[in-house]
Amino acid sequence: MDHLFDVSLFASTLRLVTPILLAALGGAICARVGLFNVGLEGLILIGAFSAIVGNHFTGDVFASIIFAILCSVLFSMLFGYMSIHLRANVIVVGIALNFLALGLTTFSLRAIFDVKGAYYNKDMVGLPKWDIPVIKDIPWLGDVISGHSPLVYLSILLVIALHLFLFKTVTGFRLLAAGENPTAAKSLGIKVTRIQYGAVLMCGVLCGLAGSQLSLGNVTMFTEGMTSGRGFIALVATMLGQSNPIGVAASSLLFGFMDALSIRLQGFALPTHFTMMLPYVVTIAAMLFFKDKGYMQEARKANESSR
Amino acid sequence: MLLQMNNITKSYGNVTANSNVAFSLRKGEIHALVGENGAGKTTLMRILYGMENPTSGEIRLEGKPVSFSSPEDAISHKIGMVHQHFMLFPTFTIAENIVIGREPSSGIGFDRKAAAAVTEQLGRQFGMPVDPWKKVGECSLGLQQRVEILKVLHQGAEIIILDEPTGVLTPLEVKELLIAIKGLATQGKSFILISHKLQEIMEVADRITVLRDGKVTGTVEAKDTDAEKLSRLMVGRDLVHMSRNEIPAGKPVLEAAGITIAGSKTKPLLDGVSLHVDEGEIVGIAGISGNGQSELIQAISGLMKVDTGSVKLLGQDITGEQVKAIRERGLAHIPEDRYQWGVAKDATVAENGLMGHADRHQRYGVLRGSGIRRMVGEWVSRFGIKTGSLSTKAQYLSGGNLQKLIVARELAQNTPFLIAAEPTRGVDVGAMEIIHGELLKKRDAGGAILLISSELTEILKLSDRILVMFEGRIVGELNADNATEEHISLLMAGGKAVG
């Protein structure tokens, strides 16, 4: 067991948790304005693919992340337009976008790179690894915390930033209000639609970052459907964390750890497909703890009644 | 004049909701706006609050013409509105609910301490103290109403529109509200009060404007009129004075013995309640809501499990039976909360009417549309239900019209026993007259009715016997002939009966 729970397990946890955490924060913002975004999976996939495309054409990591964010935002605006403007059912729109993203990335992979299945090029630049001064010299802790991509650290800062935004600022307060009772918020002159679009946009940015970490941080390649359910795990993390940034971070950490553990267990002569079930078994177990917690339902109910 | 609305007309297609309406408000005045459901009161107020644009007509504030295209416009002109369905955020604190939209801030931060201070100061200034840190969802409806009023005061409102403010309040809370309104009026605030309840209006209003079918049928000083004159203006004819015929009580239809429901609190929800309702008898249950009436209804109708005690219908034990089985044995139920128990909001009027009647309108499991439409259509005309068509979704009907639909549906079950819980909540005097008439007709035909109402006048008018509930127990039984409002009120508040 010493080999199982070693430094690299925790280090890889931190790396693997980032895409889930970023997307889950995006999902949390959407949930807070009453839009249950099932399309996270598709948004991350678009982000992951466009990060590689950006990388291929510019050769610059920063530019590829910006490109990934732009593409994810564009895609999330599609979600926003259909569910806010056209008032389509959010679940249906989300699922449709997931499949659209899967098809679009697979198709574009062939159209742009002329390959099937996966694209890898040794000339591509991955995200840099940052060593944190002082911390990197602390034994054990330094190995776990230091030496990750900037996005890993950014995601942790974003948790705090989002928490402060939602619960300490006027704009955040109004966002919560718009989600909790849109009709009442409208009657007070709060621009509910604008807030909802803002939330969807934020979600797009976060999913673009999540996708970049996936295709440029963990590995430097893109494979078809490489999100493999992370968007849905992020969705569960959103619910389990009750759309509360700190809670979302905690539950994302749990899933990231399970993800890392499942990869690690493969080294212990356990069948790959068996260990790969682990994160999802935990997801199901986690769902048992999420027993219709109040406000999400309130938000959804209120949202429906305003339509 | 503080406010004048001249020649206001509002049409939706070929339906005219307001036709040449004139309305005015003096400073410090309480001006009541009354009329039946669909008479155009709410439309007129929505125009004033910027939620609708009038087709023609003008609004003048202190002599200057103004036009509002949104509620924000109205708010910035010091007009505030307390909606019939509260516009509150249940998970937010009272202070947050009051300051929302104009939050005290430091930079981009929301200063919640300042918000609490503002709220406390506001409560003190207007004599309506609240605890700023309490969550609104945990407050009673009366307190929520107070929060709504403080919110519009915080917005700087000088003119406050109250839409059916007393509909959901207990009698005590109503009294408190009316006192608060009067107090604010003496401080120079002006009120427009939309209500059905003529007694309350007579108690608090300075002037009264009556609307019927979108037209003003009269604007009168409160001191020059009375409830009877007002209802004539509202309905357009004299109301029939109903009297109960004395008929001998028959065999017991419903017998409940020692019903107890423990619940999760220290005090039981129902504590050994025994009662009987006989043929040709209306038994009224009076009490402040929340004293076990809801549980009693649910226990009898099978919606809630009884811990001990038994319920008999027509001599047969129905304790613990399925709701459907009980209904088939002869129970119909006008539920107290029409949205929770009474209708499916997304279903049509015809579909809602069909509920409970489906077995009679099917062949081989397939519904037969024409019979259904004939049945529901007949109710619509008999009860004067205002609906676009039978295919209109229930959610687009006003509360009063929905209530009429539910009453019609349950009466049509023609069962020997009927539970009528708050049968006239939110309906206007005209519809109330119809519903009361129908209930009495059912009684005269030998039906047994258990009437639960928070309106004492309704209890006194209809009941043959009156039971008073307090904290899950029946604390008094009075005969209709010698019951007085004072006596019942005393029992309702938990006081001991004297003499």
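Predicted model: local features only at pLDDT ≥ 70, side-chain atom pairs only at ≥ 80, totals over all residues.
# Notebook: two chains, looked up piece by piece

**Entry 1: the domains of chain B.** I started with the centres of domain 1 and domain 2 of chain B, which are 32 Å apart when taken over C-alpha atoms. Domain 1 covers 3-235 and domain 2 covers 252-492; such bounds come from an automatic or database domain assignment. For finding my way, residues are numbered from 1 along each chain as its sequence is written, and chains are lettered from A and ligands numbered from 1 in the order in which they are written.

The contact takes 11 residues from domain 1 of chain B and 13 residues from domain 2 of chain B; two residues are in contact if their C-beta atoms, placed from the backbone, lie within 7 Å. On the domain 1 side, helix H6 (171-186) and helix H8 (227-235) of chain B are the elements that give two or more residues. H8(B) gives the most to that side, with three residues. Helices (H or I, at least four residues) and strands (E, at least two) are DSSP runs, numbered from the N terminus. By class, I found four nonpolar, six polar and one charged residues on this side of domain 1 of chain B. Here Ala, Val, Leu, Ile, Met, Phe, Trp, Tyr, Cys and Pro count as nonpolar, Asp, Glu, Lys and Arg as charged, and the others, Gly among them, as polar.

**Entry 2: chain A against chain B.** How many residues of chain A are in contact with chain B? I noted 16 residues of chain A in contact with 16 residues of chain B. Helix H7 (170-180), helix H8 (182-187) and helix H14 (294-305) of chain A each give two or more residues to the chain A side. The largest share of that side, five residues, comes from H7(A). Its classes are seven nonpolar, six polar and three charged residues.

**Entry 3: a sheet in chain B.** I then traced an open sheet of six strands with mixed pairing, in the order S18-S21-S22-S15-S23-S24 (chain B). Two strands pair if DSSP finds at least two bridges between them. Strand S18 (331-334) and strand S24 (473-479) of chain B stand at the edges with a single partner strand each, so one side of each has no neighbour in the sheet. From one strand to the next, the twist averages 20°. Inside the sheet, strand S15 (residues 281-286) and strand S23 (residues 465-470) of chain B run parallel and are joined by four bridges. There I found Val283(B) opposite Arg465(B) in S23(B).

Helix H17 (residues 485-492) of chain B packs on the sheet, touching S15, S23 and S24 of chain B, and its direction makes about 30° with that of S23(B). Helix H9 (residues 293-301) of chain B lies across S15, S18, strand S21 (417-421), strand S22 (448-452) and S23 of chain B, and runs at about 155° to S21(B). These axes are lines fitted to C-alpha atoms, for helices over the stretch in contact, and angles run from 0 to 180 degrees between N-to-C directions.

Is H9(B) enclosed or open? Nine of its nine residues are buried, so H9(B) is largely enclosed by the rest of the structure. A residue is buried if 20 or more other C-beta atoms lie within 10 Å of its own, exposed if 12 or fewer, and partly exposed in between, with C-beta atoms placed from the backbone. Just after H9(B), Gly302(B) takes a positive phi of about 90°.

**Entry 4: two single residues.** I picked Asp481(B), which is found in the loop between S24 and H17 of chain B. Asp481(B) is exposed, with 7 other C-beta atoms within 10 Å. For contrast I turned to Ser155(A), in helix H6 (residues 150-168) of chain A. Ser155(A) is buried, with 27 other C-beta atoms within 10 Å. Leaving out residues up to four places away in sequence, Ser155(A) touches Thr18(A), Leu21(A) and Leu22(A).

**Entry 5: a hairpin in chain B.** Last, I saw that S1(B) and strand S2 (residues 15-25) of chain B pair in the antiparallel sense over seven bridges. Tyr12(B) stands opposite Val15(B) in S2(B). Two residues lie between the strands of this hairpin, and Gly13(B) takes a positive phi near 60° there.
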